Amino acid sequence: MQTWSSTPVPRVAGEPRPLRLFDTSTGEVRPTAPGDTARLYVCGITPYDATHLGHAATYLTFDLVHRVWLDNGHEVHYVQNVTDVDDPLLERAERDHDDWVVLGMRETALFREDMVALRVLPPRQYVGAVEAVPEVVEAVAKLLADGAAYRVDDAEYPDVYFDHAATGRFGYESNYDVDTMSKYFGERGGDPDRPGKRHPLDALLWRMARPGEPSWPSELGAGRPGWHIECSAIALNRLGTGFDVQGGGSDLIFPHHEFSAAHAEALTGEHPFARHYVHAGMIGLDGEKMSKSRGNLVFVSKLRAQNVDPGAVRLALFAGHYRADRPWSEALLSEALDRLATWRRAAALDSGPCVDDTVARLRDHLGDDLDTPGALAALDAWAAEALSTGGSVEAAPRRFRDAVDALLGVEL
């Protein structure tokens, strides 16, 4: 699948700061320690609707991870998937009398346009579930052969399920108790009441073909992939095991990231699947999580159509810490537009105060679990000083502009 176009990232003078991130599995902020190439996997969209600000907050979080690693001199091997065949997509297509393939292609194209507008650096590999079907089949066949998967006792639809206890480590990524896992499994795409399963928490690996549903011929029988196994297969085949960060929204902690890790570890016998599991908080509107089911979405494409500066969208979402559930409001956007205008006035000056300490503080904050509120405050202080008292360093406005571009992805 085609990724999107990139933008140049300026080099910033001074000393980079290593990146520390909160790891869900350990509950601690720990250093990331990539080799020459940092490896990042972020779970992508199910393309049945346009990109909303909850999506944007997640992809902007990992864009910051990408940028801080680049600043530290790493190459970044970034992989993202697209779940371009799944129940929500098929249901939306049926509801709207649309072709599911056309719907998926249309919304994926819109997502790419939104990412370009928001200046999100693209993944090196952008992989659809449909194109990864052969990889999924191979993985599921191995899990069956190894006894980590089984077929339900159903003569008509002998679907393949994963034995959630197969690795002996299930639950380490989320640290949820059984009651919490059971609650989220039922709410987030699981099927705890499917007859013939050995345990309610066992997750679907391969759904046998049903009338009217897309399917692919395979050694497993005609069918289509379950949700979690696509990310296991796509990540393993491009990044291997023990890659640096698996990322997504906090609603993916369980079941999606728990199962994608368990599938991969059962396939390879290696632990952990990722060295950090990193999750962005939810964006709310009027006191509720922004979600398709609630119909309270603010779409990136609609903000673009209203000529809202994408840089302001970035700054509005960076005003809160990435791990926090936080609200979106017109007031938040208005504050971000004012901040962006102030920074641009400061960056356009012929000279300004020395910016070295400001860039160091920017790096310190971003290196400390992506502390964007602290980073914005440091930049606000320089801009205020530059506009009020001036300064004699001719290169300072340009260096300010380059640091904001390179590390925050905001064009001044």
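## Nonpolar cores

A nonpolar core is a set of buried Ala, Val, Leu, Ile, Met, Phe, Trp, Tyr and Cys residues that are joined through side-chain atoms within 4.5 Å. In this predicted model, the largest such core holds 68 residues, and the members that touch the most others are Leu53, Leu317, Trp328, Trp343, Phe400 and Leu408. Helix H1, spanning residues 53-71, supplies the largest share of this core, with ten residues. A separate, second core comprises 48 residues, among them Val160, Trp216, Leu220 and Phe243. As a general background, nonpolar side chains tend to be buried together in soluble globular proteins.

The surroundings of Trp343 illustrate the packing in the largest core. Leaving aside residues up to four places away in sequence, Trp343 touches Leu315, Leu376, Leu379, Asp380, Ala383, Phe400, Val404, Leu408 and Leu412. Two of these partners, Phe400 and Leu408, are themselves named with Trp343 among the core members that touch the most others.

## Overall architecture

The secondary structure of the chain consists of 13 helices and 14 strands. Along the principal axes, the C-alpha trace extends over about 80 × 45 × 35 Å. The radius of gyration of the chain is 22 Å, in agreement with the value near 22 Å that a compact globule of 412 residues would have.

Among contacts between residues with a separation of 6 or more, 79% involve residues 24 or more positions apart. Of the 412 residues, 56% count as buried.

## Surface and charge

The chain exposes about 16,500 Å², and carbon and sulfur atoms supply 49% of this area. The charged residues comprise 41 positive and 63 negative charges, whose mean positions lie 3 Å apart.

Helix H7 covers residues 253-268 and contains His263. Because the relative accessible area of His263 is 0%, and buried means under 20%, this residue counts as buried. Apart from residues up to four places away in sequence, His263 touches Leu143, Phe162, Leu205, His228, Ile229 and Ser232.

Helix H7 also holds Pro255. The peptide bond leading from Phe254 to Pro255 is cis, with omega near 5 degrees. Another cis peptide bond joins His271 and Pro272, where omega is about 0 degrees.

## Residues with positive phi

Most residues other than glycine have a negative phi, and most peptide bonds are trans. His97 is not a glycine, yet its phi is positive, at about 55 degrees. His97 belongs to the loop that links helix H2 (87-95) and helix H3 (100-117). With a relative accessibility of 77%, His97 lies over the 50% cut-off and therefore counts as exposed.

Asn175, likewise not a glycine, has a positive phi of about 60 degrees. The loop containing Asn175 runs between strand E7 (160-162) and helix H5 (178-187). The relative accessible area of Asn175 is 49%, which falls between the cut-offs of 20% and 50%, so this residue is classed as partly exposed.

Definitions and conventions
Residues are numbered from 1 along each chain as its sequence is written. This is a predicted model: local features need pLDDT of at least 70, side-chain atom pairs count only at pLDDT 80 or more; totals for chains, interfaces and linings use all residues. Side-chain values use heavy atoms; hydrogens and water are left out. Helices (H or I, at least four residues) and strands (E, at least two) are DSSP runs, numbered from the N terminus. The radius of gyration is taken over C-alpha atoms; the globule rule is 2.2 Å times the number of residues to the power 0.38. Buried means under 20% relative accessible area, exposed over 50%, partly exposed in between (1.4 Å probe, protein chains only). Contact means heavy atoms within 4.5 Å. Accessible areas come from the Shrake-Rupley method with a 1.4 Å probe; for residues, only the protein chains shown count as cover. Lys and Arg count as positive and Asp and Glu as negative; His and the chain ends are not counted. The place of a charge is taken as NZ of Lys, CZ of Arg, CG of Asp or CD of Glu.
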